[in-house]
Amino acid sequence: MGEMATAAGVLGADLHNKVNNSKILVVGAGGIGCEILKNLVLSGFKDIYIIDLDTIDVSNLNRQFLFHKQHVGKSKAMVAKESALKFNPNVSITAYHDSIISTEYGVNFFKQFNVVLNALDNRVARNHVNRLCLASGIPLVESGTAGYEGQVELIVKGKTKCYECSPKAPQKSFPGCTIRNTPSEPIHCIVWSKYLFNQLFGEEDGDEEVSPDTADPEAAANAGESAMATDANEKGNVERTSTRSWAQSNDYDPEKVFTKLFHDDIKYLLSMADLWKERRKPSPLIWSSIPEIANNGQSTGQGLKDQKVWSLKECVEIFSESCRNLSAQFKKLPEGDHMVWDKDDVDSMNFVASCANIRAHIFNIQRKSRFEIKSMAGNIIPAIATTNAIVAGLVVMFALKVLQEELEKCQCVYVRSKPNHKLQQIVPEKYLSPPNPKCAVCSPKPEVTVRLDVNKQTVKDFVEDVLKKSLNMVAPDVMLMPSGSIIISSDEEEMDISRLALTLADCNIIDGSMLEVDDFLQNYNLTVKIKHREPGRDDPLFDVIADPDLLKPTEEAESDKNGSKNGEGDAKGYEDDDDDLIMTVDDEQLVIPGSSSTKRKVEEEASVPVKKRRTGNSNEMLATPVEDDDDIAIIE
């Protein structure tokens with residue numbers, strides 16, 4: 001009774017009554033999610049739902065205070081519920097150990113809530129929740145932190161910009177041939193090592209090859225010819241086998257794997273003479289010679305265990321041990337299953353760190369500590385518990401304002417690492433940011449133009465790469481207009497599987513074709529206009545354009561912009577010149593362009609347009625733990 005009286009006294013009778021009768025959904029039970037749940041319970045909320053697919057790891061315990069050592073390995077959502085109830089056992093908390101992208105959590109599920117509070121760091125999940133809140137008309141409070149910085153914003157259909165109104169910073173990318181042939185930075189070796197993990201133990205991806213790239217345009221036309229001739233059979237053909245098949249045939253023997261990767265493949269690269277005319281040649285390693293050269297490299301340094309730079313000998317020993325351990329784990333999996341790389345798994349992290357440092361040594365690149373490699377491999381900015389607490393407090397304050405229907409007071413708020421010129425570290429915007437009228441998600445008639453080669457793009461690649469990966473759909477249905485021909489059906493019984501191998505042109509999808517795309521799970525409809533384009537050598541296979549002005553010639557676009565009456569364009573009011581704006585993006589893996597842009601110019605471009613990693617089919621997406629810790633993000 002005392003707690004109820006205190007809450008009523010602080011909130012006021014009217015707001016306290018609304019809090020008592022509201023139903024809240026918290027998506028994510030990581031650093032911010034735990035703080036939000038605790039704040040909701042202590043603020044008097046009585047009916048709370050929380051969902052998270054992740055389990056508790058030891059690395060979570062320094063900032064996710066609802067979890068303790070005895071909880072390691074258990075469901076975050078379930079343990080968060082148990083811990084929060086200790087603050088007030090009279091609260092009703094419903095916990096789901098599940099993915100928010102599951103078909104069970106559709107529009108009708110979201111409609112039961114008064115407000116949804118996002119505590120995620122995964123762009124796929126954020127996009128999905130954003131679309132379901134728009135479809136259901138439920139206010140969404142979005143949040144995120146990165147080190148000492150963070151932000152909180154309100155998303156309400158028709159009144160504020162949605163999560164997808166603003167373009168997100170592209171992921172940093174590198175040409176595939178740089179990763180495979182001529183690494184020059186530690187990150188190149190780290191990405192190669194993560195690819196190697198997937199090739200050996202994870203989900204195999206043709207865009208993540210680790211073998212030398214003989215099609216590198218910098219190499220001579222007969223690059224690697226002598227090495228290939230050596231491998232030719234009696235008919236003169238080279239019999240190809242996958243890295244995994246080869247490793248399995250050799251029982252993942254560490255010495256044999258080492259010899260292939262760090263001796264034979266390097267010798268193969270050396271046969272591409274043109275690559276080394278202006279570069280320092282790599283030095284192949286011999287397994288039996290490692291002890292003699294182990295201490296000839298850089299100093300191992302001092303400090304904490306993870307911050308020590310391993311010697312080459314230590315790298316080889318750790319590689320051998322982690323390779324054996326991972327292969328033993330992999331062999332226990334059901335046939336067809338695979339492992340998933342996890343920066344917090346000791347063997348997985350040791351494997352990537354040791355391989356990256358061995359490859360770095362070969363290419364005369366500075367080796368890095370395990371701690372540094374873990375940070376780069378996971379795109380990690382250290383999570384700060386106090387920042388999580390500040391942001392979580394702001395999230396609940398936003399929720400209270402939403403219940404009071406004071407949306408105009410919910411301007412986006414930024415938590416800064418340093419005071420601004422007004423000595424503010426918690427900085428609100430001056431006004432609500434209106435929706436982007438050209439947004440491909442929340443505009444009245446969402447429409448995008450996709451530029452691609454209709455004669456080469458298959459239906460399968462269009463669905464997986466364009467609709468699911470780039471446009472973040474889960475279960476799209478595609479209809480060709482105006483004929484009404486069904487190109488893709490999310491219903492497996494209705495879908496003609498043989499059509500997936502056809503090109504778009506084979507399905508009468510040509511330059512100027514209009515497609516109506518509907519995702520029933522997200523209640524999202526989109527018009528896609530196809531524009532035929534034959535990509536150049538360094539261009540991506542496709543690009544998606546939401547703003548039609550970007551398709552016009554430069555002079556015409558400028559004329560439209562400058563010629564509008566009183567300078568008022570369609571997007572006026574959406575532009576934001578607030579210098580306090582930060583862009584928080586997600587803890588996603590570095591992605592290397594594959595078939596969309598695997599070649600580089602001789603001038604060695606620093607980066608190329610990105611082609612993201614395939615995400616698999618919708619069923620695979622539903623099984624992916626997208627609700628990772630919310631408090632690790634990258635600010636660019």
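F201 and Y252 are both buried (under 20% relative accessible area, with exposed over 50% and partly exposed in between; 1.4 Å probe, protein chains only). The model is predicted: local features need pLDDT of at least 70, side-chain atom pairs count only at pLDDT 80 or more, and totals for chains, interfaces and linings use all residues. Residues are numbered from 1 along each chain as its sequence is written, and side-chain values use heavy atoms, with hydrogens and water left out.

**Aromatic pairs**

- Rings of Phe, Tyr and Trp (its six-membered ring) pair if their centres lie within 6.5 Å; planes under 30 degrees apart count as stacked, over 60 as edge-to-face and the rest as tilted.
- The count by this rule is 20 aromatic pairs.
- The F201 and Y252 rings are stacked, because their centres are 5.2 Å apart and their planes stand at 20°.
- F201 is in the loop between α8 (186–200) and α9 (225–231) and Y252 in the loop between α10 (243–249) and α11 (254–270), so this pair ties together parts 51 residues apart in sequence.
- W276 and F363 form a tilted pair, with ring centres 6.4 Å apart and planes at 40°.
- W276 and F363 are both buried.
- A cluster linked by ring pairs includes F201 and Y252, along with W192, F197, F258, F262, W287, F319, F330 and F351.

**Charges over rings**

- A charge sits over a ring if NZ of Lys or CZ of Arg is within 6 Å of the ring centre and within 35 degrees of the ring normal.
- R359 lies over the face of W192, 4.3 Å from the ring centre.
- K260 lies over the face of W246, at 5.9 Å from the ring centre.

**Helix α3**

- Helices (H or I, at least four residues) and strands (E, at least two) are DSSP runs, numbered from the N terminus.
- Helix α3 (residues 31–43) has 13 residues and spans 19 Å from first to last C-alpha, close to the expected 18 Å (1.5 Å times one less than its number of residues).
- Of the 13 residues in α3, 11 are buried, among them G31, C34, E35 and N39.
- G44 follows α3 and has a positive phi, near 105°.

**Strand β10**

- M479 lies in strand β10 (residues 476–481).
- M479 counts as partly exposed because its relative accessibility is 32%.
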